[in-house]
Amino acid sequence: MLYEAPAELLTNKILLVTGAGDGIGRVAARTYAAHGATVILLGKTTAKLEAVYDEIVAAGHPEPGIAPMDLANVEPQAIQELAEVIEQQYGRLDGLLHNASILGDRAPLEHYDLNLWSRVIQVNLNAVFMLTRILLPALRQSAQASLLFTSSSVGATPRAYWGPYAVSKYGMEGMAKLFAEELENTSNIRVNIINPGATRTRMRAAAYPNENPATVKVPEDLMPLYLYLMGDDSAGVNGKTFNANSW
Ligand code: NAP
């Protein structure tokens with residue numbers, strides 16, 4: 001699909017992007033802000049979030065919020081506090097892009113490190129559930145909210161040696177579909193899944209160290225889809241999976 005987002009697509013929207021300090025999340029946060037959104041930047045490394053904050057402010061876009069949070073160790077209480085700050089400051093949340101994730105090792109399950117297994121499942125699946133569950137009341141305050149989950153090709157069809165990363169994405173796709181069904185007739189929240197496909201980031205370089213990065217598309221190329229799904233032009237679209245390479 002060819003989609004060109006209107007410049008004002010996200011004016012007055014309050015959005016939260018996880019993993020907003022790097023890779024696809026960083027570009028999504030900047031792009032959403034450039035289309036008028038106030039973006040809450042959630043991520044692990046505060047300095048990276050501050051750099052994105054500075055870029056957005058320097059460009060004259062709405063002032064973002066910063067929410068440093070290590071999803072590998074986060075307790076529900078910390079997310080609850082974030083939800084309260086969002087409700088107090090903005091009164092609602094219009095969109096949540098679950099983007100943060102970690103790759104773990106590329107290794108056979110038989111030899112997979114048990115602690116690393118738990119960490120990958122925690123960041124890529126448990127924390128995604130906790131954030132969604134605790135931020136739902138704020139999303140319910142929106143007239144038209146978009147909840148977006150980021151998967152991967154190995155989420156639709158798990159592939160050998162992709163370990164807990166594949167398992168977490170597979171589980172997350174199931175969770176997204178349950179949320180889509182459960183919220184469809186009881187809320188103004190639509191729920192969809194994005195598979196970005198091969199994209200030039202740190203994670204891609206770690207997964208494919210022998211690949212020439214110049215042969216892989218950049219996060220900016222994904223933004224028409226990310227804008228379409230976050231803006232009201234996708235109102236009514238629910239429970240769908242979008243493959244960025246063919247939509
Ligand atoms: P990336 O460059 O590695 O960025 C990942 C982001 O997640 C970073 O901002 C990172 O923050 C954050 N993050 C990692 N661990 C975290 C934690 N414990 N707590 C909070 N934030 C954490 O990855 P990417 O390639 O942009 O991937 C973005 C999404 O697309 C992921 O869900 C990935 O699975 C998916 N995806 C990517 C590709 C691809 O080819 N790139 C393909 C398919 C799917 P720090 O930098 O501070 O650690």
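Biologist: What makes strand 1 and strand 2 a pair, and which way do they run?

Modeller: Keep in mind that this is a predicted model. Two strands count as paired when there are at least two bridges between them. Five bridges join strand 1 (residues 14-18) to strand 2 (residues 38-43), so they pair, and they run parallel. Among the partners, L16 is bridged to I40, and T18 stands opposite L42.

Biologist: What makes strand 3 and strand 7 the edges of the sheet?

Modeller: The seven strands follow the order 3-2-1-4-5-6-7 in an open sheet with parallel pairing. Strand 3 (65-68) and strand 7 (241-243) each have a single partner strand, so one side of each lacks a neighbour in the sheet. From one strand to the next, the twist averages 20°.

Biologist: Why is strand 1 called largely enclosed?

Modeller: Buried means under 20% relative accessible area. Five of the five residues of strand 1 are buried, so the rest of the structure largely encloses this strand. I14, L16 and T18 point one way, L15 and V17 the other way, and all are buried. In a regular strand, side chains alternate between the two faces of the sheet.

Biologist: How do you know how the span of helix 4 compares with the expected value?

Modeller: Its 27 residues reach 37 Å from first C-alpha to last, close to the 39 Å expected at 1.5 Å a residue. Helix 4 also bends by about 45° at Q122.

Biologist: What makes the D113 and N115 pair a polar contact?

Modeller: The cut-off is 3.5 Å between N or O atoms. At the start of helix 4, a side-chain oxygen of D113 comes within 3.1 Å of the backbone nitrogen of N115, so the pair qualifies.

Technical notes. Residues are numbered from 1 along each chain as its sequence is written. This is a predicted model: local features need pLDDT of at least 70, side-chain atom pairs count only at pLDDT 80 or more; totals for chains, interfaces and linings use all residues. Side-chain values use heavy atoms; hydrogens and water are left out. Helices (H or I, at least four residues) and strands (E, at least two) are DSSP runs, numbered from the N terminus. Axes are lines fitted to C-alpha atoms, for helices over the stretch in contact, and angles run from 0 to 180 degrees between N-to-C directions. The expected span of a helix is 1.5 Å times one less than its number of residues. The bend at a residue is the angle between axes fitted to the seven residues ending there and the seven starting there. A polar contact is a pair of N or O atoms within 3.5 Å; within protein, one must be able to donate a hydrogen and the other to accept it, and residues adjacent in sequence count only if both atoms are side-chain atoms. Buried means under 20% relative accessible area, exposed over 50%, partly exposed in between (1.4 Å probe, protein chains only).
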